[in-house]
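Open the model in your viewer and keep the selection tool ready. We will go stop by stop.

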Amino acid sequence: MKTVKIGMLGIGNIGRGTYMTLETNRHKIEEATDLDLQIVKILNRHPEKDRGIDIPKEKYVTDIRDILDDPEIQIVIELIGGVEPATTYMAEALKAGKHVVTANKAAIAKNGRMLQELATEKQLMLRFEASVAGGIPILNAITSALICNEFSSVQGILNGTTNYILTRMTEDGASYEDVLKDAQAKGFAEADPTSDVEGIDAANKLSILISLLFGIGVAPEDIPTRGISDISSKDINFAREFGYTIKLLASAESHDGTLTCNVEPSLVPLDHPLANVNNEFNAVYITGNAVDNLMFYGRGAGPYPTGSAVIGDVIGEARKIEKGAAYDLTPHLRYDADLDFRGEGQNPYYVRLRAEDRPGVLGQIASTLGTYEISIRTMTQQTDKEEDGVVSIIIIVHDVERNVLETALNVLLKNHSVKSIDNVLRVLE
């Protein structure tokens, strides 16, 4: 049985899950692969801290060079997160002749091209299945079993924190603020939840998916991104009345030589497969010209699902090492497609506004939207008036560019009958 020695950077939640996945399933892994995978050194800046896991203390090192300069270590697992110093550590590992596995979506989204080029130069492997959707094996699927497809679209629920919050708001009628506190107490949300609730985490993951599915590089900061903090129970209830539920979707579509994408709260039809993805679960829904529609579903985060994906990548690399055919960049980031990136593109939208309840107001709204060639699919007025005689009006419009819609809504606000534009959400067709 061949032994493959591994260095691991970080022993946080994902590090613990990765270590325990390997140790708990060691017999199964050895039986299936005839490989002895040994995590021999772990970078731990605070070895005195109780990590809640029984790891021999002699495995801990506080200096990255102890791992990079060890000639027996063949694979480095990066699990410290964030762009830096993680990117630098991975680059240094590749320069030191070591294969790399990571779960770091931020570093791969921002610096994946550089790391991949370095891996190619050094004839080494770089794998990052765990960077998107945790334990769901989406990246290897689309770059191996499904590689013969021309993909036209992807929609994903890629963040478990926001999906948990929206599920609880929908099913329990709780407010965003209350559910966020509950999610933090249960460990589903960080003390600073900004990356999750503002869509940044999902944008990083979508950036990686876009490269693999469509062959074009779109930086996360260039993806039109909106979070869920403005979603209210009113929006959830109105969406249900129209036959929708609200999810934070990461979406991209290739059509007629252009690519459009966005991350934003969206109205999803109740009969769509993504509508029933709840709590901390993730799902990726893709369309290919050969396979048609496919959905991948499972736990998109957490120590053990993510650890499963990390160890899967480690096994893939170790098998290549054993066979002496170590250079294999799968999944392979691509930036060579002849596509024109057009931002958010055209979409149908839900608009919730407040206006005076008097004759002619609905007509004025429709007329203003018509001036900007915005076609109304549905418009309804809430029956219950507020104390000042104002009511909520819900409009769903057909495909329109977001900036055109925003311009029209700003004109509406100049009409004294319209008091506020309370929310604008994309509608999934």
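## Stop 1: Threonine 260

Select threonine 260 and show what surrounds it. Leaving out residues up to four places away in sequence, threonine 260 touches Ser251, Ala252, Glu253, Arg342, Gly343, Glu344 and Gly345. Keep in mind throughout that this is a predicted model. Now colour strand E9, residues 258-269: threonine 260 is found there. Is threonine 260 buried or exposed? Threonine 260 counts as buried, at 18% relative accessibility. The cut-off for buried is under 20% relative accessible area.

Pick Arg226, Glu264, Glu344, Arg402 and Glu406 together. Salt bridges that share partners join these five residues, Arg226, Glu264, Glu344, Arg402 and Glu406, into one network.

## Stop 2: Isoleucine 393

Go to strand E15, residues 390-401, and select isoleucine 393. Its relative accessibility is 0%, so isoleucine 393 counts as buried. Which residues does isoleucine 393 contact, leaving aside neighbours within four places in sequence? They are Val351, Arg352, Leu353, Ala355, Leu362, Ile365, Met379, Thr380 and Gln381.

Now draw a distance from isoleucine 393 to glycine 135. Their C-alpha atoms are separated by 42 Å. Along the chain, isoleucine 393 and glycine 135 are 258 residues apart.

## Stop 3: The largest nonpolar core

Next, select Ile138, Ile210 and Phe214. The largest nonpolar core has 81 residues, and these three, Ile138, Ile210 and Phe214, touch the most other members. Which helix gives this core its largest share? Helix H10, residues 200-214, does, with nine residues.

Zoom in on isoleucine 138. Not counting residues up to four places away in sequence, isoleucine 138 touches Glu129, Val132, Ala133, Leu209, Val284 and Phe296.

Then show helix H6, residues 138-145. Its buried residues are Ile138, Leu139, Ala141, Ile142 and Thr143. What covers them? The cover over the buried residues of H6 includes strand E7 (151-157), H10, strand E10 (281-288) and strand E11 (292-299).

There is a second, separate core to find. It has 29 residues, among them Val4, Tyr19, Ile29 and Ile75.

## Stop 4: Two helices crossing

Colour helix H1 (residues 13-24) and helix H12 (residues 303-323). H1 and H12 pack at an angle of about 65 degrees, and their axes are 7 Å apart. The crossing of H1 and H12 is right-handed.

Show side chains where the helices meet. From H1, select Asn13, Ile14, Gly17, Thr18, Met20, Thr21 and Leu22. From H12, select Pro303, Tyr304, Thr306, Gly307, Ser308, Val310 and Ile311. These two sets are in contact. By class, the contact of H1 with H12 has seven nonpolar, seven polar and no charged residues.

## Stop 5: Salt bridges

How many salt bridges does the structure hold? It holds 26.

Start with lysine 105 and aspartate 201. Their side chains meet in a salt bridge, 3.1 Å from N to O. This pair links distant parts of the chain: lysine 105 is in helix H5 (residues 105-122) and aspartate 201 is in helix H10, 96 residues apart. Lysine 105 is partly exposed, at 27% relative accessible area. Aspartate 201 is buried, at 4%.

Move to aspartate 328 and arginine 127. Their side chains also meet in a salt bridge, 3.1 Å from N to O. Aspartate 328 lies in the loop between H12 and strand E12 (340-341), and arginine 127 lies in strand E6 (residues 126-127), so the pair ties together parts 201 residues apart in sequence. Arginine 127 is buried, with a relative accessible area of 8%.

Finish with arginine 334 and aspartate 336. In this salt bridge the closest N and O atoms are 3.2 Å apart. Arginine 334 is partly exposed, at 31% relative accessible area. Aspartate 336 counts as exposed, at 59%.

## Stop 6: Aspartate 196

For the last stop, select aspartate 196 in helix H9, residues 194-197. Aspartate 196 is buried, with a relative accessible area of 12%. Leaving aside neighbours within four places in sequence, aspartate 196 is in contact with Asn159, Thr161, Thr162, Asp201 and Leu248. Finally, draw a distance to alanine 130. Aspartate 196 and alanine 130 are 17 Å apart, C-alpha to C-alpha, and 66 residues apart in sequence.

Technical notes. Residues numbered from 1 in each chain as written. Predicted model: local features only at pLDDT ≥ 70, side-chain atom pairs only at ≥ 80, totals over all residues. Heavy atoms only, no water. Axes fitted to C-alpha atoms, helices over the stretch in contact; angles between N-to-C directions. Helix = DSSP H or I, 4+ residues; strand = E, 2+ residues; numbered from the N terminus. Left-handed = near helix turned anticlockwise from the far one by under 90°. Contact = heavy atoms within 4.5 Å. Nonpolar A, V, L, I, M, F, W, Y, C, P; charged D, E, K, R; others polar. Core = buried A, V, L, I, M, F, W, Y, C linked by side-chain atoms within 4.5 Å. Buried < 20%, exposed > 50% of the residue type's maximum accessible area, 1.4 Å probe, protein only. Salt bridge = Lys/Arg side-chain N within 4 Å of Asp/Glu carboxyl O.
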